[in-house]
Amino acid sequence: ATGFAPIKGIVESALHKGIKRPMHLYWGVRSADDLYLADLARSWEVASEGSLKFIPVLSDPKPEDHWTGRTGFVHQAILEDFQDLSGHQVYACGPPPMVNAGLAAFTESRQLPREEFFADLFAPATV
């Protein structure tokens, strides 16, 4: 699980409604194999006529990936790209450590208002 499914729904809805608001889709995974719908995300860049940018980030690329794109933790890539998030909204989906790292970093060092951070945390079900 990569957290892509909830974001996929948000992006597809925005495209369907013709929303032209700038969107940056950072998809953090371990290796290239985990980018299972990368072609779809790239097609959104074209369909959005430039309002959506897709930025895949690999934390542990395999040698056979021959990866030349962004590496490291996904929240660090966002910190590198944005000095000020005060006029943005963030939608984060994934495991609690990743989501919590983003929340802390964006609100503490990039002026993101807490109420503009939305999250879908992966949590184990209790039976």
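Which residue follows α2 with a positive phi? E49 does, with phi near 55°.

## Basis

This is a predicted model: local features need pLDDT of at least 70, side-chain atom pairs count only at pLDDT 80 or more, and totals for chains, interfaces and linings use all residues. Residues are numbered from 1 along each chain as its sequence is written, and side-chain values use heavy atoms, leaving out hydrogens and water.

## Helix α2

Helix α2 spans residues 38-47. Helices are DSSP runs of H or I with at least four residues, strands are E runs of at least two, and both are numbered from the N terminus. A38, A41 and W44 are its buried residues. Buried means under 20% relative accessible area, exposed over 50% (1.4 Å probe, protein chains only).

The buried residues of α2 pack against α1 (4-17), β1 (23-29) and β2 (52-58). Contact here means heavy atoms within 4.5 Å. The face turned away from the buried side carries exposed D39 and V46.

## H75

H75 sits in helix α3 (residues 74-81). Its relative accessible area is 13%, so H75 is buried. Leaving aside residues up to four places away in sequence, H75 touches A101, G102, A105 and F106.

## Lining of the largest pocket

The lining divides into 32 nonpolar, 13 polar and four charged residues. Nonpolar covers Ala, Val, Leu, Ile, Met, Phe, Trp, Tyr, Cys and Pro; charged covers Asp, Glu, Lys and Arg; the others, Gly among them, are polar. A pocket is an open set of points on a 1 Å grid over the protein atoms alone, where a 1.4 Å probe fits, with protein on both sides within 12 Å along at least five of seven lines; lining residues have an atom within 4 Å of a point.
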